Amino acid sequence: MKIAGYNINLEKAVKTIKENDYKRVVLQVPDGLISHLSEFIEFLENKTDSSVIVSADSCFGACDFINSEFINIDIDFVIQIGHTPIPSIEDFQIPTLFANARSDLEITKVIEKAMPFLKGKKVGLISTAQHVHMLDNASKILVKNKFEPIIGKGDVRIQVKGQILGCNFSAATSIVDKIDSFLFIGSGNFHPLGLLLSTKKPVIACDPYSNEVKAKELDDLKDIILRQRYGAIARSKDAQVFGILVGLKRGQQRIEQAYKIKDMLDSRQKQSYIFALNHFSPSALESFRDIDCFISTACPRIAIDDYMQYKVPIITPVELDILLGLKKWADYQFDEILP
Ligand code: SF4
């Protein structure tokens, strides 16, 4: 179906529901598409014999799928709209379909606008689930203008060539030594900022929605974030009691890393506790008043993007290494969820 400038393959969901005679379906919709909820439900219920329940919890990515919880209410099928699956996750207890929202926006103009900002001729092409199907087209536009585009392949967490997640830039790091700069196609600062921090290469971001091109702005934002990260490590310098955060969302779980961190802190006579939580928020953590510093092994963006909202510093595992003197600040790396 076409909705708000996106193609969403709910026809495939209808086919799967009919083939399997599913009667109870759960729908997960990201915040940006919630205003179209009634259209999704109508589409599914009019074309099948199923009834649709909406998951009212927020859904930030493919890492964040609901599954086993819905066994208790006899759900047959889960549809998550707006994301591509994470291929390395296969153990769904309830059959789940990811119906990506593919943007049909024209990208030629914004790419032409971005060209003067590109450094060198070798360009790494990068995008998110919404626009990644446009990268071949972007590549042709660049070739016509004498650039040498490259599209990298991500690891087992990435479904499509050239795609990045806010927690995984492997499609970019796989080609970082072959390119002069990255051209990111998509909206917002969330992904291009992570790309910049992760690869340390120039990033030019072009937004097909606003027709805007960003380069310097991203560099300025990167400096602000790095200053915040330095501040978070400095504020944790005298911490004696640590809270290690483990995300319960299936695609954010790094429990082994949490145990390793605990062992490392034990060996340095620092007290620590592991906390498992589904949805992290300032109010969820503020009851744990004895904790001086949290280390997040869940979504890396909790520490980076939401930092200002938390009273107690939250740092990433890489930042803990810096805090404990195992790494230097000069070796700062962006935290990613890698296989
Ligand atoms: S872990 Fe965070 S960045 Fe990664 S897919 Fe999930 S919400 Fe996005």
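Let's start with an open sheet of 4 strands: their order is S4-S3-S5-S6, and the pairing is parallel. Who sits at the edges? Strand S4 (51–54) and strand S6 (96–99) do, and each has a single partner strand, so one side of each is left without a neighbour in the sheet. If you look along the sheet, neighbouring strands are turned by 25° against each other on average, direction ignored. Keep in mind that all of this comes from a predicted model.

Now zoom in on one pair. Strand S5 (residues 77–81) runs parallel to S6, and 4 bridges join the two. To find your place there, look for Ile-79, which stands opposite Leu-97 in S6.

The sheet has helices packed on it, too. Helix H1 (residues 10–20) touches strand S3 (24–28), S5 and S6, and the direction of H1 makes about 160° with that of S6. Helix H2 (residues 37–47) lies across S3, S4 and S5, and H2 runs at about 155° to S4. Here are the two helices side by side:

| Helix | Residues | Strands involved | Angle |
|---|---|---|---|
| H1 | 10–20 | S3, S5 and S6 | about 160° with S6 |
| H2 | 37–47 | S3, S4 and S5 | about 155° to S4 |

Let's zoom out to the whole chain. How many helices and strands does the protein have? There are 11 helices and 16 strands.

Where they meet, 5 residues of domain 2 are in contact with 5 residues of domain 3. On the domain 2 side of that meeting place, you'll find 4 nonpolar residues, 1 polar residue and no charged ones.

Which residues come nearest to the ligand? Out of the 13 residues around it, those are Gly-61, Cys-63, Gly-166, Cys-167 and Cys-299. Sorted by class, this shell is made of 7 nonpolar, 4 polar and 2 charged residues.

Finally, what about overall size? Along its principal axes, the C-alpha trace of the protein spans about 60 × 60 × 30 Å.

Key. Residues numbered from 1 in each chain as written. Predicted model: local features only at pLDDT ≥ 70, side-chain atom pairs only at ≥ 80, totals over all residues. Pairing = 2+ DSSP bridges. Axes fitted to C-alpha atoms, helices over the stretch in contact; angles between N-to-C directions. Contact = placed C-beta atoms within 7 Å. Near = placed C-beta within 6 Å. Nonpolar A, V, L, I, M, F, W, Y, C, P; charged D, E, K, R; others polar.
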